[in-house]
Amino acid sequence: MDEHLYLVTYDIRDDKRWRRVFKTMKGFGEWLQLSVFQCRLSRRRHAEMLQLLDGIILRRTDALLIIDLGPADKVKPRVVSLGDKFEPVAREPIIV
């Protein structure tokens, strides 16, 4: 499967929209910090996430960044973590 590792960060001006974005993101990745997620996504899941988020945010006032770190199986992020330990999202089995 061709998955990429993404870092998603956002600044949402309205608490209600912020909660909607947060709940949406929990379905796509691991919560790292307030308004920061890491996601391991296929092209299809990435497109689905973009579509859902675009329907929530207000482009005039909100900001959302999606940073593609590269192929998930090949990239090994170099992260300095002070405090809680950082672990890149691992591939997990999908139960159908």
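Colleague: What does the accessible surface of the protein chain come to, and how much of it belongs to carbon and sulfur atoms?

Modeller: The total is about 7300 Å², and carbon and sulfur atoms hold 52% of it. The model is predicted: local features need pLDDT of at least 70, side-chain atom pairs count only at pLDDT 80 or more, and totals for chains, interfaces and linings use all residues. Residues are numbered from 1 along each chain as its sequence is written, and side-chain values use heavy atoms, with hydrogens and water left out.

Colleague: Why does S35 count as buried?

Modeller: Buried means under 20% relative accessible area, exposed over 50%, and partly exposed in between (1.4 Å probe, protein chains only). S35 has 10% relative accessibility and therefore counts as buried. S35 lies in the loop between β2 (30-33) and β3 (36-41); strands are DSSP runs of E with at least two residues, helices are runs of H or I with at least four, and both are numbered from the N terminus. Leaving aside neighbours within four places in sequence, S35 is in contact (heavy atoms within 4.5 Å) with V8, T9, Y10 and W18.

Colleague: Why is I66 called partly exposed?

Modeller: I66 has 25% relative accessibility, so this residue counts as partly exposed. I66 is placed in strand β4, and its contacts beyond four places in sequence are Y6, L7, V8, H46, M49 and L50. Its C-alpha atom is separated by 6.7 Å from that of T9, 57 residues apart along the chain.

Colleague: How do you know that the span of helix α1 is close to the expected one?

Modeller: The expected span is 1.5 Å times one less than the number of residues. Helix α1 (residues 15-26) has 12 residues, and from its first C-alpha to its last it reaches 16 Å, close to the 16 Å expected.

Colleague: What puts the buried residues of α1 on the same side?

Modeller: The buried residues are R17, W18, V21, F22, T24 and M25. They cover an arc of only 165° around the axis, which places them on the same side of α1; the arc is that of the directions from the helix axis to the C-beta atoms. On the other side, D15, K16, K23 and K26 are exposed. The cover over the buried residues includes β1 (4-11), β2, β3, α2 (43-54) and β4 (63-71).

Definitions and conventions:
Accessible areas come from the Shrake-Rupley method with a 1.4 Å probe; for residues, only the protein chains shown count as cover.
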